[in-house]
Amino acid sequence: PVMAPDQNYFVFTSRREGSVGGKKDDKGKFFEDIYMANCDTKGCDFSGLKPILVNVNTNGHEASISMSWDGSSLFIYKDDKGDGNIYISKFEDGKWSTTEKLGAEINTKHYENHACLSPDGETLYFVSDRPGGMGGKDIWMSHRIGYNKWGKAVNLGPRINSEYNEDAPVLLSDGKTLYFSSEGHESMGGYDIFYSIF
């Protein structure tokens, strides 16, 4: 689930009847699509549920990952026939734009499934199981060098990454506090939640 920065609406992933294309997987579950709902935080109430339109949802799987702190960019995971990749959609003229795959420094032939953008919009933290990491899925970072152009990916190293899997980075609005999940760091079992302050 992804809450908009102004908390006026909520974006989430669901497998439900009415998905674009109406396709089901081999287990009989509908493909994943991304939905939105208006949010009343005072009454803890959600209304106006609707799928994000065809600019984002396709006949394949789409899942919401995160939103930029200014609310202008939605990051999306797409299965891409087993080669997971990260996409972006921009909020322009009152609607979300057609998704665009992030560049080659972010997406590789390996598995990339999660990302978050720093509050200033200049650094992307993302998950990849590419070679050169600590083991399994690691958290990497890349600095923006232009529109959808990113500098060399840098592994966050052993203070964050372990020989096991790390996932789901979230950088808070202070630009310093990174939350993430990990199977390492002497977790209690499976994925646990950790944070680190830069």
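The largest nonpolar core in this model has 15 residues, and those with the most contacts inside it are F75, I86, L102, I106, L124, F126 and W150. By nonpolar core I mean a set of buried Ala, Val, Leu, Ile, Met, Phe, Trp, Tyr and Cys residues joined through side-chain atoms within 4.5 Å. Buried is under 20% relative accessible area, exposed is over 50%, and partly exposed is in between, with a 1.4 Å probe and protein chains only.

Before I go on, the model is predicted: local features need pLDDT of at least 70, side-chain atom pairs count only at pLDDT 80 or more, and totals for chains, interfaces and linings use all residues. Residues are numbered from 1 along each chain as its sequence is written, and side-chain values use heavy atoms, with hydrogens and water left out.

At least two of its residues come from each of β5 (62–67), β6 (73–78), β7 (85–92), β10 and β11. Strands here are DSSP runs of E, at least two residues long, and helices are runs of H or I, at least four, numbered from the N terminus. There is also a second, separate core, with 13 residues, including Y9, I34, M36 and V56.

Leaving out residues up to four places away in sequence, F75 touches A63, S64, I65, S66, I86, Y87, I88, L102, L117 and L124. Contact means heavy atoms within 4.5 Å.

Next, β10 and β11. Two strands count as paired if DSSP finds at least two bridges between them. Within this pair, H114 stands opposite V127. The hairpin has 5 residues between the strands, and G121 there takes a positive phi near 75°.

What does S142 touch? S142 sits in strand β12, residues 138–146. Not counting residues up to four places away in sequence, its contacts are I106, E122, T123, L124, F126, W150, G151, K152 and A153. Among these, I106, L124, F126 and W150 are also on the list of residues with the most contacts inside the largest core. S142 has a relative accessible area of 0%, so it counts as buried. A polar atom of its side chain lies 2.6 Å from the backbone oxygen of G151. For a polar contact, the pair of N or O atoms must be within 3.5 Å; within protein, one must be able to donate a hydrogen and the other to accept it, and residues adjacent in sequence count only if both atoms are side-chain atoms.

An open sheet of 4 strands has the order β1-β2-β3-β4, with antiparallel pairing. Its edge strands are β1 (2–3) and β4 (45–51), each pairing on one side only. Between β2 (residues 9–14) and β3 (residues 33–40) there are 6 bridges. F12 has Y35 in β3 as its bridge partner, and both residues are buried.

Over the whole structure, the search finds 7 aromatic pairs. Rings of Phe, Tyr and Trp (its six-membered ring) pair if their centres lie within 6.5 Å; planes under 30 degrees apart are stacked, over 60 edge-to-face, and the rest tilted. The F12 and Y35 rings have centres 5.9 Å apart and planes at 25°, so this pair is stacked. Because F12 is in β2 and Y35 in β3, the pair ties together parts that are 23 residues apart in sequence. Ring pairs link F10, F12, Y35 and F46 into a cluster.

Y35 also has a charge over its ring: the charged end of R16 is 5.0 Å from the ring centre. The criterion is NZ of Lys or CZ of Arg within 6 Å of the ring centre and within 35 degrees of the ring normal. R130 does likewise over the ring of W140, at 5.4 Å from its centre.

M3 is partly exposed, at 34% relative accessible area. Leaving aside neighbours within four places in sequence, M3 is in contact with Y9, F10 and C39.

Last, backbone angles. Most residues other than glycine have a negative phi. Which way does phi go at Q7, which is not a glycine? It is positive, about 60°. Q7 is in the loop between β1 and β2 and, at 41% relative accessibility, is partly exposed. A168, also not a glycine, has a positive phi of about 55°. A168 is in strand β15, residues 166–171, and is partly exposed at 29%.
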